[in-house]
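Work through the exercises below with the sequence and the structure side by side, and try each task before reading its solution.

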Amino acid sequence: ELAASLQMSDVVSAGVVAETAADRAESEGDAAGAALTRTVAAHMRLETGECSVDDLERLARAALPLLEAGGDDEGLAHVWQALGWVANMHSRLQGWADAIEQARIHALRAGHPITGSWMMSVPLTMGPMPAGEALAKLDALMGDAPHPGDLQMRGVLLAMLGRIDEAWAVAGPADEQARELGLDSGPTWLGEIALIAGDLQAAATYIRVGCEEMERTGTTAALSTYVAQLGRLVC
């Protein structure tokens, strides 16, 4: 839990906390706990470029049977989230959505209330599902108190459907709310809307700010995507 909270602001420190927990579990003979926390640590190190996607998948696949044998739904939710990220890194967006669905199932079994889409909004928006269908599914997942990240994705979907004014009306306040909650990773999704709207200068400005924030937090995996997009926009 400490590693997860740190991840929002300092992914490097979060990885160190998770590795320390893994060492402790291993020293106590807790094979399942060690496998889980090594997976969590690798998931965090992936964001800083210190772990390969193949190593993360290997650790997660090894952890699955141990956690399943122990009926550890809490741990399985974390491992399926990691496997979702593996699918994302391979550009298998539907696979990412399927993994999130598994994570949601185990989280519910573990007694966690499910609020928002649990990042399902990203593969819904960027994956193979037609924008209209994706918007309907996202609206069904968001609930009465939408997460600002889900609202940002909803704005992108609206833009894809040509509803640009509605997109800005949804995504702009969501970006402000994310910053107020300390969840901000830069206004990259506003850049996506500006790009769809054909305003390349605004898109470059938004994505440049996002790249600077990712560089500050050491989130180099996402940075590698957006710095390339920024280069294309500037060109």
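**Exercise 1.** Against which helices do the buried residues of α11 pack?

*Solution.* Keep in mind that this is a predicted model. Begin by locating helix α11, which covers residues 188-197 and is mostly covered, since 7 of its 10 residues are buried. Next, list these buried residues: Thr-188, Trp-189, Leu-190, Gly-191, Glu-192, Ile-193 and Ala-194. Finally, look for their partners, which are α7 (121-126), α9, α10 (164-180), α12 (200-217) and α13 (220-234). Beyond the end of α11 comes Gly-198, whose phi is positive, near 90 degrees.

**Exercise 2.** Identify the residues with the most contacts inside the largest nonpolar core, and trace the contacts of Leu-56.

*Solution.* The largest nonpolar core has 46 residues, and Leu-56 and Trp-96 are those with the most contacts inside it. Once its neighbours within four places in sequence are set aside, Leu-56 is in contact with Thr-39, Ala-42, His-43, Leu-46, Cys-51, Ala-82 and Val-86. There is also a second, separate core of 12 residues, which includes Leu-36, Leu-67, Leu-76 and Ala-99.

Key
Residues numbered from 1 in each chain as written. Predicted model: local features only at pLDDT ≥ 70, side-chain atom pairs only at ≥ 80, totals over all residues. Heavy atoms only, no water. Buried < 20%, exposed > 50% of the residue type's maximum accessible area, 1.4 Å probe, protein only. Helix = DSSP H or I, 4+ residues; strand = E, 2+ residues; numbered from the N terminus. Contact = heavy atoms within 4.5 Å. Core = buried A, V, L, I, M, F, W, Y, C linked by side-chain atoms within 4.5 Å.
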